Amino acid sequence: FEKSGKTVITFAGYSGSGYEDVEGMLAEARGVLSAHAPKKTIVNIGATSSGIGAVYGLAKEMGFETTGIVSTQAKEYDAEISEHVDKVFYVTDESWGGFKPNTNNLSPTSLAMVQNSDVIICIGGGAVARDELTAAKREGKTIKYIPADMNHKAAIEKARKKGLPAPTDFKGAAFTEFGKSVGSK
């Protein structure tokens with residue numbers, strides 16, 4: 001990243017939970033990307049095709065170089081890597097990311113994500129996105145949070161499979177922390 005001399009814009013958000021309004025999420029991402037020159041910018045995400053990973057196709061369509069930083073959990077669980085990511089960096093990690101349990105220290109994957117980003121744009125997002133945005137803010141990085149609901153049906157099904165009551169809030173953990181600040185709409 002450093003050798004490229006390019007600005008690294010990282011998108012964070014929902015992954016497996018997906019988005020209730022995918023087109024709305026992509027419109028927000030397009031708005032962000034439209035303010036940046038493709039020849040001077042790398043678009044970085046978490047390598048997988050699900051959820052926020054849909055931004056990869058948009059970024060490639062707009063002429064951006066793309067990268068992904070992802071936990072080795074992606075290999076272990078055979079996660080689908082986006083066909084639109086140019087280069088994937090796997091980080092040895094026993095988690096998918098976020099803060100290590102009972103600490104304010106990022107897991108290796110999230111640490112790599114934050115350290116290699118100049119700007120982090122979070123559209124919706126769960127605990128991992130919240131933790132990365134929190135750490136980026138703490139480090140003085142440029143951040144922006146844009147509210148978005150997770151896919152309602154997927155969230156209800158996930159709760160059902162775990163034997164939990166159906167959720168009634170679909171805003172995600174990042175909204176709780178950043179929903180009323182940090183450039184939110």
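Predicted model: local features only at pLDDT ≥ 70, side-chain atom pairs only at ≥ 80, totals over all residues.
Colleague: Good. Which residues of β2 are buried on one side, and which on the other?

Modeller: β2 covers residues 41-45, and five of its five residues are buried. In a regular strand the side chains alternate between the two faces of the sheet. Here both faces are covered, with Thr 41, Val 43 and Ile 45 on one side, and on the other Ile 42 and Asn 44.

Colleague: How does β2 pair with β1, and which residue of β2 does Val 8 stand opposite?

Modeller: β1 and β2 run in the parallel sense and share four bridges. The chain gets from β1 to β2 through α1, in a right-handed β-α-β crossover. As for Val 8, its opposite number in β2 is Ile 42.

Colleague: And toward β3, which residue stands opposite Asn 44?

Modeller: β2 and β3 also pair in the parallel sense, over four bridges. Together with helix α2 (residues 55-61) they make a right-handed β-α-β unit. Val 43 stands opposite Thr 66 in β3, while Asn 44 faces Thr 67.

Colleague: Why is β3 called largely enclosed by the rest of the structure?

Modeller: Strand β3 spans residues 65-71, seven in all. It counts as largely enclosed because the number of its residues that are buried is six of the seven.

Colleague: What is the bridge partner of Ile 69 in β4?

Modeller: β3 pairs with β4 in the parallel sense, this time over five bridges. β4 is made of residues 87-91. Within it, the partner of Ile 69 is Phe 89.

Colleague: How many aromatic pairs are there, and what is the angle between the planes of Phe 1 and Phe 89?

Modeller: The count comes to three aromatic pairs. One of them joins Phe 1 and Phe 89, with 5.4 Å centre to centre, and it is tilted. That pair links distant parts of the chain, 88 residues apart, as Phe 1 sits in the segment before β1 (7-13) and Phe 89 in β4. Phe 1 is partly exposed at 27% and Phe 89 is partly exposed at 33%, and the angle between their planes is 45°.

Colleague: Why is the pair of Tyr 77 and Trp 96 tilted?

Modeller: The ring centres are 6.4 Å apart. Tyr 77 is in the loop between α3 (73-76) and β4, and Trp 96 is in the loop between β4 and α4, so the pair ties together parts 19 residues apart in sequence. Tyr 77 is exposed at 55%, whereas Trp 96 is partly exposed at 43%. Stacked would need planes under 30 degrees apart and edge-to-face over 60, so the pair is tilted because its planes are at 35°.

Colleague: Is Ser 117 buried or exposed, and which side chain does it join in a polar contact?

Modeller: Ser 117 is in the loop between α4 (108-115) and β5 (119-123). Its relative accessible area is 1%, so it is buried. Leaving out residues up to four places away in sequence, it touches Val 8, Thr 10, Asn 44 and Lys 141. The polar contact, at 2.5 Å between side chains, is with Thr 10.

Colleague: What do the buried residues of α4 pack against?

Modeller: The buried residues of α4 are Thr 109, Ser 110, Ala 112, Met 113 and Val 114. They pack against β1, β2, β3, β4, β5 and α5 (127-138).

Colleague: Where is Met 25, and what is its relative accessible area?

Modeller: Met 25 belongs to helix α1 (residues 22-33). Beyond four places away in sequence, the residues it touches include Tyr 19, Ile 52 and Ile 123. Met 25 counts as buried because its relative accessible area is 2%.

Terms used
Residues numbered from 1 in each chain as written. Heavy atoms only, no water. Helix = DSSP H or I, 4+ residues; strand = E, 2+ residues; numbered from the N terminus. Buried < 20%, exposed > 50% of the residue type's maximum accessible area, 1.4 Å probe, protein only. Polar contact = N/O pair within 3.5 Å; in protein donor to acceptor, adjacent residues only side chain to side chain. Contact = heavy atoms within 4.5 Å. Phe/Tyr/Trp six-rings, centres within 6.5 Å; stacked < 30°, edge-to-face > 60°. Pairing = 2+ DSSP bridges. Right-handed = clockwise from strand over helix to strand, strands pointing away.
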